[in-house]
Amino acid sequence: MKKLIVILLCSLIYSSCNSTKIDAQEPILQLTKERCFGKCPTYDFFVYENGTVVYNGIANVSNKGEHRFKISNKELSDIRQLLSDSKLASFEKDSERRIRDLPKTKIKYREKIVVFQGGKIPKEIQQMISIMEGWVFNK
């Protein structure tokens, strides 16, 4: 019986040391492009504090499925700067009223959620989206 307890304790300690999965962390940035009636790209990006990026291509994209990779500290810093320059914190959360055929872009950054529909996206946010899409589509 004592052996069983020791084995269980050792396995518990070992598993807790290996629990650095990103799933337990909250992403610092989430970018979601939602469906429209046409051929709008549909995907999710999740960016984590340690530079890990999880991309999930859903529809109308060349890279479908889940892809995980790391970005440099400089790339992470550049994204943060664009978010700061865009003054995302000053945007009001868009109502969930939706025109079905216009693409919808949702950004969650540090608990702030902003929704853009159609082409009404500030240039800094559009630059950020282009950089992030380049991580996946231009490789």
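Reader: What should I know before I start?

Author: This is a predicted model, where local features need pLDDT of at least 70, side-chain atom pairs count only at pLDDT 80 or more, and totals for chains, interfaces and linings use all residues. Residues are numbered from 1 along each chain as its sequence is written, and side-chain values use heavy atoms, with hydrogens and water left out.

Reader: How many helices and strands are there in the chain?

Author: Start with the definition: helices (H or I, at least four residues) and strands (E, at least two) are DSSP runs, numbered from the N terminus. Here the chain has three helices and six strands. Read from the N terminus, their order is α-β-β-β-β-α-β-β-α.

Reader: How do strands make a sheet?

Author: Strands of a sheet pair through backbone hydrogen bonds, either parallel or antiparallel. Two strands count as paired if DSSP finds at least two bridges between them. In this chain, six strands form an open sheet in the order β4-β3-β2-β1-β5-β6, and the pairing is antiparallel.

Reader: Which strands are the edge strands?

Author: They are β4 (65–70) and β6 (112–117), and each pairs on one side only. On average, neighbouring strands of this sheet are turned by 10° against each other, direction ignored. For such angles, axes are lines fitted to C-alpha atoms, for helices over the stretch in contact, and angles run from 0 to 180 degrees between N-to-C directions.

Reader: How many bridges join β2 to β3?

Author: Six, and the two strands run antiparallel. β3 and β4 form a hairpin with five residues between them. In that turn, asparagine 60 has a positive phi of about 55°.

Reader: What lies across the sheet strands?

Author: Helix α3 (residues 123–137) lies across β1, β2, β3, β4, β5 and β6. Its direction is at about 95° to β2.

Reader: Is threonine 42 buried or exposed?

Author: Use the cut-offs: buried means under 20% relative accessible area, exposed over 50%, and partly exposed in between (1.4 Å probe, protein chains only). Threonine 42 has 5% relative accessibility, so it counts as buried. Not counting residues up to four places away in sequence, threonine 42 touches Lys33, Glu34, Arg35, Asn56, Gly57, Ile58, Ala59 and Val61. Over the chain, 36% of the 139 residues count as buried. Of the contacts with a separation of 6 or more, 45% link residues 24 or more positions apart.

Reader: How many salt bridges are there?

Author: A salt bridge is a side-chain nitrogen of Lys or Arg within 4 Å of a carboxyl oxygen of Asp or Glu. By this rule, the count is six. Take glutamate 26 and lysine 108: their closest N and O atoms are 3.4 Å apart. Glutamate 26 lies in the loop between α1 (2–17) and β1 (29–34) and lysine 108 in strand β5 (residues 104–109), so the pair ties together parts 82 residues apart in sequence. Lysine 108 is partly exposed, at 23% relative accessibility.

Reader: Which partner does arginine 80 have?

Author: Glutamate 49, with the closest N and O atoms 2.6 Å apart. Arginine 80 lies in helix α2 (residues 73–85) and glutamate 49 in the loop between β2 (42–47) and β3 (52–59), so this pair ties together parts 31 residues apart in sequence. Both are partly exposed: arginine 80 has a relative accessible area of 24%, and glutamate 49 has 46%.

Reader: What separates aspartate 78 and lysine 74?

Author: About one helical turn, because they are four residues apart in helix α2. Aspartate 78 is partly exposed at 31%, while lysine 74 is exposed at 57%. Elsewhere, salt bridges that share partners join Glu34, Lys104 and Lys106 into one network.

Reader: Which side chain of opposite charge is nearest to lysine 33?

Author: Count Lys and Arg as positive and Asp and Glu as negative; His and the chain ends are not counted. Lysine 33 sits in strand β1. It is buried yet has no salt bridge. The nearest side chain of opposite charge is glutamate 133, 4.5 Å away.

Methods. Contact = heavy atoms within 4.5 Å.
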